[in-house]
Amino acid sequence: MLHSCTQRKISIILRQRLHNFSIVSHRCPKFSSNDRIRFLSHNNIGKTADELANKSNSSTKVNRNRRKNIKKSHLKEMERELNELRIEMSKATPLPDIFASSPSLHVSNNIKSSDTISHDHIVQQGHIFLRNFKQIVEESSLDQRFAREVSLMLQQSLWLFRSSFSDCKRVLALSKQWNLDINHLAPVLEAGCREEKWKETADIFRSQIDPDAFGFAPMLIDVKSPIGLFVIAKDAQQRGLPVAESVMEAAIHMSMVNPTDQQKYVLAAGVALGYVGAWKELIEYQASSFNSARLGQPLIGAAMYACILCNKKDESLKLYQKVAQGPESEWQWSGGPDVVEPLLRDIAMRAGGPDAAKLLLKAFDEGFQVSFQASLSVIEECQSTNVITAIMESIHNDSSWIVDGNDLEIMHRDDSDKVSRLSREQLERLVLTIARATNHASEFGLSMLCYEMFLSKHQLSLHWQEETASWLLDSDYPDDHLSAIMTALCGFGASKSAESLYKAVTERSQEQYPLSFDIYQFMDFDYSREDNFPILHRSFRQLIGVTASLPNDNLASSQIDLLLAALAKLMASFNNAKNPRAGLFLSKQIQTKILSLQKSSPTVREMVRSFLGVEAERPNHAFLARNDELLAETVRAMRMLKMHDQALSLFRETIHAEQEPNARYISTPLAVNQALETLIAMDQLDVAMKLFQSIDESGWTPEMFLTLGRAFERKQEWEVLGQLYRQSLHSGCLTEEMGILALKGLNEIPYLEKKIRIMRQTVTEICRITGQVDSEWLYENYWKLKRKLGPRYTKLLMWWNDPKISDLQELQVAIEQFTDRKMKGLAPRNDVLRAILRHCQYYEKFTELIIENKMNLPVEKKVWKDLVLRVAMEAQKSTLKDDSKYIEDLVSLLRKLEENEKAGEYLSDAILRGVQVDKSLVA
């Protein structure tokens, strides 16, 4: 052993060397690692720091003289070559997903490219680049000024080899040889995943998060694709280690270096464990680990999301209920105690469940963002059309509240400095989901408006089928969208338009559209039915297009009146098509647009709460009061949606908000009539009558009398109906329909003296307003009168007083009207066809009466047979073809006329269409 004094001397000498080395390192930042070793050699003992520094610098000068410095132009040339390779790589066929099971809620980027560059070609070009790059660097002196550029180029070159793990390791070896750092190893990890080198790849990632190897630099991680944690999970599974503990240990290790991103690391761990199917292990870790309380709600959120990735939505909801109701709700986050973190609520919405819509409303109410994936889930699961409409309205006004949920970051809208915008693909998926939900709810008008407002370019110069076909062919989901639009059109009663759109798409593309083809096959092509949709569609796309391009300044009063008038017409069309919700939605969007030019538009929160009926904002009475038809159609739409109280409240507030009610009643007759309809629908006929009587006689309209008259008819209050008829007559508001209602009332009053005379007098009064003689009017309205009054008094009004031949007289009228409408190219009325068929059953009996009374009717069996066959042919074009009673009468009559073959054809066709007939006819 050395003497203690000798040991002390050696220790002092070593400390002096280390002190001198630190001085040299401070003065000479280019001091290399080899210089450090030489410094500690025996030759340097006793030399001062300045001497060593001068020696080092002189040695560096000698090396520089031996090798030329690397030129910046060479680096620029190599950088250009590398960029070209990366562009070429972007055109290559996408590599398969590295994760074993990609989450179903991720939005994939569909790459449409005609290029078929292989990754083997990219790797070969990368070899050439790397060889040239290595030669340039090693033949030159690596100047400190360009070390960073060289390091970045090496790092970028890794992406060329993300399909070859061995090549990635070659690049890493070069960086180590040149004493350069590469901080981002994602391509290396990806290549290791593709070749399933789990342990070796996991060791690389562990070394990257080791502060002793890489220092205390914060670790950047992509929550959507946490490839490093995924590798650790796979490695643990392969080696039989606890998966959740291994991954969470790595996440906690990273959070020790960077505590600010602890929540991100924990959530990324949940994503990685979800990818490998270890949801159950993570739940057990959350329940039993001593880290659970410290990590808090983010750990539960990670477990919930892992469950969703593994399609275990029920387990995810159970975890959420545990947070919402259990002791975890006492944990604090930035929102305070007893508050569930918004991210957990958003993940719960993605899992669905009966409370998803309520959670969405709560998020809106508190002003938080909602993920795109949660929105899709709520729409798919939601049974309330109001919620779907609220989402549509919010997206139309401001889509920035929707964020990509794959980032697992939900913030308050006021705190977020990032402006979120839905991509085209996300918008198409959202519209498709809304369209399917609204179609399922039979809200076909909303479905069409959704497509028109979110995806249409409003090119009025193009036919709508052409424009729609153009963007459908560019869509990532053409068949899904086409089938949804065709469903909406068929539900809207526009089968012809659906057929035209299908042909426009299929004629321009060779692709197959199985969903749309199935709809096309089973569409009901009733060409006799008028298709008014093209006109309606052009009208509302014109209105939407005009309002979308309005200037950002105040509109003139006349311009507002024109827009409101057009809006009222469109609302009437939607109401007539039994799609009132679509009309209300369109009305609100147009009014909001006009208001936005006058003041700040309502917030998304106000819009949604308004539609859901929570603290609803007051309607714009000024706009409604400016246009009587708009107010009337709004009240009508609300009545059709069973919103009777809201409709009456809107009417009254609008009337009383402007001026004296009686004056408003006179200037808004259409709205008053809709208010009467609403009161009658609420079974408040007496209140409706009081409202009517409170209006000045100059404000009465024929429609008001008809509305009340129909109500008294349903109530069978015949005497009151008669009084109302007299009022309409004296006020100049009598109509033909009101007169027929009065005739029915007279007919129903028992023991009325001189009934037929009074009825004929009423007919005369009706004919004064129609400008016809009594007999002409009775002839044209015979079948309508028969349905209202019955056969007896109808025939008496026609002066058919002989009961023996009154049926023949009716048959004669039916044949005349049948022949007349055929000559004019019009379809015969169903009443006429029924009457001819019914009376022809007694042709044998009628033949004698016809001859006896010399009537102009058929007498030969062959003529009767021809007449019946003509009627049967016309009936096939009408709804009678599916009428059970008509089919039974027709088959019986044809068999009686010995037309058994025709009878069998009509019977078999009806049965094939699903018409229920008497079984005795089939036997």
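Predicted model: local features only at pLDDT ≥ 70, side-chain atom pairs only at ≥ 80, totals over all residues.
Helices here are DSSP runs of H or I with at least four residues, numbered from the N terminus.

The structure holds one cavity of 30 Å³ or more. The space in this largest cavity comes to about 110 Å³. Eleven residues line the largest cavity, and those closest to its centre are Tyr451, Glu452, Thr468, Trp471 and His537. Which elements give two or more residues to this lining? They are helix 23 (444–454), helix 24 (464–474) and helix 28 (533–548). Helix 24 provides the largest share, with four residues.

Attention now turns to helix 8, which spans residues 186–194. Because seven of its nine residues are buried, helix 8 is largely enclosed by the rest of the structure. Here, a residue counts as buried when its relative accessible area is under 20%. The buried residues of helix 8 are Pro187, Val188, Leu189, Glu190, Ala191, Gly192 and Cys193. Which helices do these buried residues pack against? Their partners are helix 7 (165–177), helix 9 (198–208) and helix 11 (227–239). Just after helix 8 comes a detail of the backbone, where Glu196 takes a positive phi of about 55°.

Notes. Residues numbered from 1 in each chain as written. Heavy atoms only, no water. Buried < 20%, exposed > 50% of the residue type's maximum accessible area, 1.4 Å probe, protein only. Contact = heavy atoms within 4.5 Å. 1 Å grid on protein atoms, 1.4 Å probe; cavity = no way out; pocket = protein on both sides within 12 Å on 5 of 7 lines; lining within 4 Å. Points joined across faces, edges and corners; volume = space filled by probe spheres on them.
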